[in-house]
Amino acid sequence: MSTLPDIGSHVRVPWGLGTAEGAVVDAYESGIGRQVVVAVRIEGSDQTLTVTFPADLVELAELA
């Protein structure tokens, strides 16, 4: 991803052996590079997990 996604964007991130979709809750530049914080819904649960990813691992996803 060449630019940081907007907060609220629907994105796809690496998750286990596949991918998961979530919503961007923060995006920022840091000393280690561009970071994107994503809220990922835990499959089979009403809970979400907030995880920080390097921006180059995050891709925009279309809403289903």
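Please note that the model is a predicted one.

Strand S1 spans residues 10–15, and strand S2 covers 18–30. These two strands pair in the antiparallel sense, with six bridges between them. Together S1 and S2 make a hairpin in which two residues separate the strands. Gly 16 lies in that turn and has a positive phi of about 60 degrees. Trp 15 is placed opposite Gly 18, a residue of S2.

S1 also has a partner in strand S5, residues 59–60. This pairing is likewise antiparallel, over two bridges, and here Val 11 faces Leu 60 of S5.

Which residues make up the largest nonpolar core? There are 10 of them: Val 11, Val 13, Ala 20, Val 24, Val 36, Val 38, Val 40, Phe 53, Ala 55 and Val 58. Strands S1, S2 and S3 each give two or more residues to this core, and S3 provides the largest share, with three.

Finally, the largest pocket holds about 160 Å³ of space. Its lining consists of Trp 15, Thr 19, Ala 20, Glu 21, Val 40, Arg 41, Ile 42 and Glu 43. By type, four of the lining residues are nonpolar, one is polar and three are charged. Which strand gives the most to this lining? That is S2, with three residues. Strand S3, residues 33–41, supplies at least two. Ala 20 and Val 40 belong to the largest nonpolar core and also line this pocket.

Notes: Residues are numbered from 1 along each chain as its sequence is written. This is a predicted model: local features need pLDDT of at least 70, side-chain atom pairs count only at pLDDT 80 or more; totals for chains, interfaces and linings use all residues. Side-chain values use heavy atoms; hydrogens and water are left out. On a 1 Å grid over the protein atoms alone, a cavity is a set of points where a 1.4 Å probe fits but cannot get out, and a pocket is an open set with protein on both sides within 12 Å along at least five of seven lines; lining residues have an atom within 4 Å of a point. Grid points are joined across faces, edges and corners, and a volume is the space filled by probe spheres set on the points. Helices (H or I, at least four residues) and strands (E, at least two) are DSSP runs, numbered from the N terminus. Ala, Val, Leu, Ile, Met, Phe, Trp, Tyr, Cys and Pro count as nonpolar, Asp, Glu, Lys and Arg as charged, and the others, Gly among them, as polar. A nonpolar core is a set of buried Ala, Val, Leu, Ile, Met, Phe, Trp, Tyr and Cys residues joined through side-chain atoms within 4.5 Å. Buried means under 20% relative accessible area, exposed over 50%, partly exposed in between (1.4 Å probe, protein chains only). Two strands pair if DSSP finds at least two bridges between them.
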